[in-house]
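Keep the sequence beside you as you read.

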Amino acid sequence: MDELLLAAAGLIVLAVAVGLASILRGSDVERLMAVQLLGTGGIGALLLIANATNVPGVEDVALGLALLAALATIALVNLLDTDQGDVEA
Amino acid sequence: MSLRPFLDVILASLVLGVAIFTITARDLFAAVVGYVAYGLLLAFVWIRLYAPDVALTEAAVGSGVTGVLLITAGKRLGALKDVAPDRQPGLALKLLTGVLAALVASALGAVILMLPDPPPSLAPEAAAAADGPGAGLGNPITAVLMSYRSFDTMLEKIVLILAVVGVWSVGADKAWGDAPAPLRQQKAYAPMVFLAQMLAPVGALIAIHVFWTGANAPGGAFQGGALLAAMWMLTMMARLAQPPRVDAQWLRLALVAGPAVFLISGLAGGVVAGSFFAYPQALAKPIILFIEAFMVLSIAVALPMLVAGPPSERQDQ
Amino acid sequence: MITLLDLFSIAAIGVGTFFFFAGTVGLLRFPDSLTRLHALSKADNVGLGLVALGLIPRADSALSALKLIVIWALVMLSGAATSQLIGRALRRGRK
Amino acid sequence: MTPSVLAGLTGAALVGLGLYGLILHPHPLRKLLAFNLIGSGVFLVFGIVARRGAAAGFRFDPVPQAMVITGIVVAFAASAIAVALILRLAAESSHVTLDPEVWSKPNGGDTQ
């Protein structure tokens, strides 16, 4: 069972790596997607690996990663946009 | 056959690949994106080394908060792309640097391959600390930070204060006492505001949970404080909050609260338990959690102030 | 010994992994940024959701299981908002 | 090769990469980024020392791990000061290079 979880984690990491390689070469906005993809794929693989290798308390690490991925994306969007933001906001 | 070696090799090559991308990227934006991704990947390597505490710190401080620091700096430099067409280093210099870097890396690699066997370990002493002076702490790392090496941890808090003082002191003289420039100059996008409003309270709750659970499980004051700091920065980036004036009384109290409480407890240990930073056995856990609570406060305030930068003159819009 | 719960875990995690792959294929094959964003959000919401769902029977405690659900909810929330932001940045002409 | 040796060698390679970027990048923020790469490489080396020091019922030696945690925070504090200095330099001189030749030009290197 543990090996199956590790296999799933390996496949997810691989999928994320391929996606990462293709969009890191893309435009600025697509690079934002790369961070987003790595954040989610990362959390998924992290949970699987930790479950298979019996590292306790990884749910908290994953919770932290979920918060931080959002922070990083917002900061990068912040850096990218040059206009004045929403009129209604 | 176990899959672990393959997984480790994939992880290591991903980390190295993203690091190479970060170093060789043409513009600053790409480099910063690479760095944030790199920090997330490192968190995995730390999990594989059975270090979830470090993984969380690396993700929160090394990737998240440092990423925001670099992004904010890039924005303020007006440098989405590198500003001046700086002189590019010549080929000879590149080669020479490459050789030097390769030499340093291989020397370090050789040292790693030749590490002594059996490896030296302070784990027994740390275990003793977790049993004795840090009684009641299930997480050995918290025991080391708060008991076995508590002096280091206190000084490290003082380093944070010194860094805040250092950052403030490079501001212009006439701006002194004012607030740092906002993390976002323009109006915020509606989804940004929505996300900050939804995420910040949940995030604060998670941060406090991470701090509280740190006594027995991965987590602790550093990680909790860093997550809390991240949530404050999120609200500042959505313009729900603005950086406070640097001469605000509460801000300065919050900054010194952590090390001050730590130092007072250490001195009190000298009187009550016979040595500096010794805690009475029965009360060790509550005392440590009490100190840590103030450390969380100081970290949560210090990190965003370091990111926000020196006070700047008010630009009323 | 494989129990029924194990089978459930394997099925959910397997389908979740498939969605991560589908997302990656979309990123590689779709013609423009907006459609690639669409592919990405499938990996986010469904892929991670199924992985978390599959891990719930293996959680140590009710709190861990709850945390898995919260992780998924957080990722969906921030994924939805950041997709909006990325879409906006695209619409306003940044590429 | 055990996972910890692999992670250690990764750390060594990261130190080399960071050093390369630190020396060659003209832009100070890029230098700072490269410096952070060196730092995380060193932390990884610490990490394998911790992993190898598994004893007394732990799967790792908690002392180096605790030092890495404080180290990460101190590294961030140092980066923050560096950023503040770079921004002040840029504000004073309207350019952001550390190149001595630019600085020795009569107008301080301002091309505008």
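Which residues of α7(B) are buried? They are B:Ser150, B:Thr153, B:Met154, B:Glu156, B:Lys157, B:Leu160, B:Ala163, B:Val164, B:Val167 and B:Trp168. They cover an arc of only 165° around the axis, so they sit on the same side of α7(B). The arc is taken over the directions from the helix axis to the C-beta atoms. A residue is buried if 20 or more other C-beta atoms lie within 10 Å of its own, exposed if 12 or fewer, and partly exposed in between, with C-beta atoms placed from the backbone.

This is a predicted model, in which local features need pLDDT of at least 70 and side-chain atom pairs count only at pLDDT 80 or more, while totals for chains, interfaces and linings use all residues. Residues are numbered from 1 along each chain as its sequence is written, and chains are lettered from A and ligands numbered from 1 in the order in which they are written.

Stay with α7(B). The face turned away from its buried side carries the exposed residues B:Phe151, B:Leu162, B:Val165 and B:Ser169. The cover over the buried residues of α7(B) includes α6, α10 (249–272) and α11 (284–308) of chain B, together with α3 of chain D. The length of α7(B) also checks out. Its 20 residues, 150–169, should span 28 Å at 1.5 Å a residue, and the end C-alpha atoms are 29 Å apart, which agrees. The expected span is 1.5 Å times one less than the number of residues.

Now take helix α6 of chain B, residues 140–148. Nine of its nine residues are buried, so α6(B) is largely enclosed by the rest of the structure. Among them are B:Pro140, B:Ile141, B:Met146 and B:Tyr148.

Step back to the whole of chain B. It has eleven helices and zero strands. Helices (H or I, at least four residues) and strands (E, at least two) are DSSP runs, numbered from the N terminus. Of the 317 residues of chain B, 52% count as buried. The C-alpha trace of chain B spans about 65 × 60 × 35 Å along its principal axes. Among contacts in chain B between residues at least 6 apart in sequence, 73% join residues at least 24 apart. Two residues are in contact if their C-beta atoms, placed from the backbone, lie within 7 Å.

Chain B is assigned domain 1 (1–120) and domain 2 (121–317). Such bounds come from an automatic or database domain assignment. The C-alpha centres of the two domains lie 26 Å apart. Their contact takes 13 residues from domain 1 of chain B and 15 residues from domain 2 of chain B.

Next, the partners. In chain D, 70 residues are in contact with 79 residues of chain B. On the chain D side, α1 (3–24), α2 (28–52) and α3 (62–93) each supply at least two residues. The largest share, 22 residues, comes from α3(D). That side of chain D divides into 47 nonpolar, 16 polar and seven charged residues. Ala, Val, Leu, Ile, Met, Phe, Trp, Tyr, Cys and Pro count as nonpolar, Asp, Glu, Lys and Arg as charged, and the others, Gly among them, as polar.

The contact between chains B and C takes eight residues from chain B and seven residues from chain C. The chain B side has eight nonpolar, no polar and no charged residues.
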